[in-house]
There are 2 protein chains.
Amino acid sequence: MVAARKKSLSKKSAAKPAKRVAKLKGLTPAQAYKDLIAYWKRLATFGSVGSLLGWDQRTYMPSGASSHRAEQLALMSGMYHEMATSPHVKDLIAAAGELPAAKKEDTVEAVNVREIRREYGMATKLPQTLVEELSRATSRAYDVWVEARKQNDFNTFKSHLETIVGLTRKRADALGWKASRYDALLDEYEPGATKAEIEQIFAPLRTELAQLVGEIVSSGRQPDPKILNADYPAAAQEKFCKEAAAQIGFDFNCGRLDTTTHPFCSGVGVGDTRLTTRYNPHDFSGALFGTLHEAGHGIYDQGLEAKHYGSPMGNSVSLGIHESQSRMWENFVGRSLAFWKYFYPKLRETFPQALSGVGLDALYFAINKSQPSFIRVESDEATYNLHIILRFELESALIEGSLKAADVPGEWNARFKKLFGLEVPDNRRGCLQDVHWSGGGIGYFPTYTLGNLYAAQLFEQARKDLGDLDGQFSAGEFQPLKGWLNQKVHHQGMRFRSNKLCEKVTGKPLDHKYLMRHLRKKFGGLYGFSA
Amino acid sequence: MVAARKKSLSKKSAAKPAKRVAKLKGLTPAQAYKDLIAYWKRLATFGSVGSLLGWDQRTYMPSGASSHRAEQLALMSGMYHEMATSPHVKDLIAAAGELPAAKKEDTVEAVNVREIRREYGMATKLPQTLVEELSRATSRAYDVWVEARKQNDFNTFKSHLETIVGLTRKRADALGWKASRYDALLDEYEPGATKAEIEQIFAPLRTELAQLVGEIVSSGRQPDPKILNADYPAAAQEKFCKEAAAQIGFDFNCGRLDTTTHPFCSGVGVGDTRLTTRYNPHDFSGALFGTLHEAGHGIYDQGLEAKHYGSPMGNSVSLGIHESQSRMWENFVGRSLAFWKYFYPKLRETFPQALSGVGLDALYFAINKSQPSFIRVESDEATYNLHIILRFELESALIEGSLKAADVPGEWNARFKKLFGLEVPDNRRGCLQDVHWSGGGIGYFPTYTLGNLYAAQLFEQARKDLGDLDGQFSAGEFQPLKGWLNQKVHHQGMRFRSNKLCEKVTGKPLDHKYLMRHLRKKFGGLYGFSA
């Protein structure tokens, strides 16, 4: 049977915005609130169709479809923007804000009105011309960056970086800021975060991490390199990854795991959360920890309350808190000795030849190997955050105007030398390695380290609340931790900003000492220095 | 990295219908035509997003996502209907119709305006209440039908069939008709076709097919049943199916083949045509001929001209012509001896054990086995059209009011006995077997047989135009036939209605003699009677 193109959509009616506008006059605050939530849910459902287009584009789409896919995405995003910036929404927000419950602090109604107001404000503050200019500039810059990285040629990328920084500064000005222009950009990914706050936490973290890395290097120890350079068939890896993700609590009835070059997690909608990973046939660790990482994002997504779908109470807090979930399952759980007490026998059953003669301790050391290196995405738990701090310092200086695009390579290399004790051999392994700046994603990097910091602080609290977490992991019991995260984090939606959520759950504002405590304990044990 | 839900769509601008309406006044016919085509292309692109949702729903969607998928589809179809019935389109059609080129016969402009006018007319003629009533009735009836078929219980389905027939009669009246109410329904799938025309062709076809089937039965011959009841591993079948589809001309750079319970072809958009099939590990033929069938649809879809995408000149003529393409590749090519002269050595390499000792002629007989049976989708090339004629007679009588829903089983069984010489043992193997009526798809069935008839007539013409087709197939050369179909059928878009296209290509109106000639020749040879 042929699924005829024009018959593919039946003819049900959609709510018509025009009618709604006509009805607004004389709407009670309660009705306005109800309409606002329904409208926002409709918008989320519409946006979720775009998410599926994106997932398909990176998984199963035939290569010949790329132009048509670009057309589909442009159409959908244009319509989305139009819906999200409708003047009607402004009226609904104003009317719904008069609801008594919306005037209290942190009630469902207050949170929803507060966050929709914020999102609507951000969407309407940006002039359409600037949005289009940035879209064109980043489309061009991406292609140039791909080639520049390949050719190790910063010069061709330089003027594009200048243009993007210039337009992004305008973007920050349109969004508005007080202390630093960079704050406006941070706020898009980490609502309410400021450069000053982040600097205050990153400064001591930077010092103590550099000290830790120094101790690791001077220990002279390293795990056996043969363990993660053996024969690990991809099909067996995939099976193991799926079993591990299911065991920690990712629900495969409401999700999938597929293969892509660049792993990601896409929350398509209620009951539809899709992970991807990639397989190296000589090293299982990339696929497995990648899967646990994305499953951490996915468990957050699956933990959002379906009844609040489409409204801020059913959305995640920030990229930092999202990353705290992925890092917690990847590093604090997945790279722990307790986790491997349970999983190592299964791993050996899966790869009997590769792991013949390898003991639990040797494996545990191998998957926690730490060593200064040039590439962020290949770095380890101890060195990772230094890569981020470097990027944060440079991009905030670019946005504030104290660093010129042309000076990025020199500044990168000098700072890298200080942080890691290594000479950057070329820009490909230096300032050209990441995609973010070419896409205008300035302000995104710090959320990775915020994620690690929140993960550490939340995890220490979970240990207090849940008793013997290590004993639970050793027995394959991950439900207590997952349930705790569901209740403390996922079900809260956007009720609290990230720092406030952290205080509510742990009793303390965000502090770098939790992460350092975790890292010194783990790496002190492995590399033989005092925690 | 997490693909944050709200960031998944960037903020490009979409053309705003409101602005367009304001601009319409004083538009030249040329500008109106340009705007109309652009609008229709935008609508097609929007609809193509819905196609991807449908494809994903049947292939990779997690089961837990079904409710959210229903929400996505309802929203998209509602918005689609709103766009497709915008009053603005009516104005554009009227203005574009004044274009001199649009007043000539069968020019690109004339075809586009003519067909958009038709589609717009059909979409706007149906009252919204009736559309919604039918949608609810068919949703309910589908679930009841699934259960009724399982339980072999026509009685619970009866009242639902009555309701659907009643609403479909109203639907036909809203669309408008002259000679028969059934014509209005036919016209949706096969523009311009009428019951009277179809009856005129089906009547002699019915008689001659019954005669042919009688000769097959009385021959007493049958192929060796062991050939298609052996060990055919699914993975090897999949590889073979992909190679065969690629060899006949399906472009896998612009398409895919996946696995589903109910095979289909979905033309998602330019460069994106997706086929599905299913694998029976004891019989390769279902998967292979299913793949060739869907690839036939897919080759048509891939042959539509990309420059006309979204306009009628870039769309397929009708379901009958679409089916002619799938049946031609499945039956006229795929089940021919010439095809197997090329492919049989490859099939034996793929399944050496199952086909050990099986000669080409034995295989050719096995894949062309004919025998009266109860289930349409399991029937063969010789008996298939009798199943369709039965359904056509019954559904047109239901719509015209000369048959009551309650009398369907009795009438079905009596007619079946006359056509096939078999007693229908139960309604599960009788009038409850097909999904179409429960979904309101009345008027669809005849397009299957029209497809076979058009395929036969076009194929005989291709033989005349292309010389030794059998010689070409035996050498693995399918490009001449594919190129001929591209030029004669695919690139024509909707320029001609199906019967006119047939006359343009073959010089004759549709006639049943071509199909009968093909069938008598093939089955006469296999079963030992004179062609």
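Modeller: Let us begin with a definition: two residues are in contact if their C-beta atoms, placed from the backbone, lie within 7 Å. Please keep in mind that this is a predicted model.

Colleague: What do the buried residues of α3(B) pack against?

Modeller: In chain A they pack against α2 (29–59), β3 (265–269) and β4 (272–277). In chain B their partners are α2 (29–59) and α6 (108–125). The buried residues of α3(B) include His68(B), Arg69(B), Leu75(B), Met79(B) and Tyr80(B).

Colleague: How do you know that the span of helix α3 of chain B is close to the expected one?

Modeller: The helix covers residues 66–84, which is 19 residues. From its first C-alpha to its last it reaches 26 Å, and 27 Å is expected at 1.5 Å a residue. The span is accordingly close to the expected value.

Colleague: What makes chain A as compact as a globular protein of its length?

Modeller: The secondary structure of chain A comes to 22 helices and 4 strands. Its radius of gyration is 24 Å, and the globule rule gives 24 Å for 531 residues, so chain A is as compact as a globular protein of that length. Buried residues make up 45% of the 531 residues in this chain. Among contacts in chain A between residues at least 6 apart in sequence, 71% join residues at least 24 apart.

Colleague: Why does Leu466(B) count as partly exposed?

Modeller: Leu466(B) has 13 C-beta neighbours inside 10 Å. A buried residue needs 20 or more and an exposed one has 12 or fewer, so Leu466(B) counts as partly exposed. This residue lies in helix α18 (residues 446–466) of chain B. Not counting residues up to four places away in sequence, Leu466(B) touches Pro480(B), Leu481(B) and Trp484(B). Leu466(B) and Trp484(B) are 18 residues apart in sequence and 8.2 Å apart in space, C-alpha to C-alpha.

Key:
Residues numbered from 1 in each chain as written. Chains lettered and ligands numbered in written order. Predicted model: local features only at pLDDT ≥ 70, side-chain atom pairs only at ≥ 80, totals over all residues. Helix = DSSP H or I, 4+ residues; strand = E, 2+ residues; numbered from the N terminus. Rg over C-alpha atoms; globule rule 2.2 N^0.38 Å. Expected span 1.5 Å × (residues − 1).
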